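This briefing concerns a single protein chain and is arranged by topic. Please consult the sequence and structure shown next.

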Amino acid sequence: MWDVNQFNDYLKGLTGKDMFFDKIKPDMKKIAKYSCQAAQDVVEARKNSHELFGYDFMVDENMNTWLIEINSSPAMDYSTVSTRDFYISL
């Protein structure tokens, strides 16, 4: 598993461009926004609480970002060094 900077370096080597920060990340943000908007009328609000969602994405060979699934209350444990370092940086 790569962290975001390793993935971006790999993509720069393939394309010569900053694909992650210029295209993929904005696409991921749009997908997350649209999915929340699509569900806003069916999700019940609960006073003094919040919900955490985990989004799984895939990027194809044309640098298109695809939503695989959305998880409610995703695991927050460290599965790899990359995920441990991500959580520590928060």
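**Contacts and overall form**

Among contacts (heavy atoms within 4.5 Å) in the protein chain between residues at least 6 apart in sequence, 30% join residues at least 24 apart. This is a predicted model, in which local features need pLDDT of at least 70, side-chain atom pairs count only at pLDDT 80 or more, and totals for chains, interfaces and linings use all residues. Residues are numbered from 1 along each chain as its sequence is written, and side-chain values use heavy atoms, with hydrogens and water left out.

**Architecture**

- The pattern along the sequence is α-α-β-β-α, where helices (H or I, at least four residues) and strands (E, at least two) are DSSP runs numbered from the N terminus.
- The radius of gyration, taken over C-alpha atoms, is 15 Å, well over the 12 Å that the globule rule gives for 90 residues, so the chain is more spread out than a compact globule. The globule rule is 2.2 Å times the number of residues to the power 0.38.

**Confidence**

- The mean pLDDT (the predictor's confidence in each residue, from 0 to 100) of the protein chain is 88.

**Core**

- L11, M19, F20, I24 and M63 form the largest nonpolar core, a set of buried Ala, Val, Leu, Ile, Met, Phe, Trp, Tyr and Cys residues joined through side-chain atoms within 4.5 Å. Buried means under 20% relative accessible area (1.4 Å probe, protein chains only).
- Helix α2 (residues 19-39) gives the most to this core, with three residues.

How values were computed. Buried means under 20% relative accessible area, exposed over 50%, partly exposed in between (1.4 Å probe, protein chains only).
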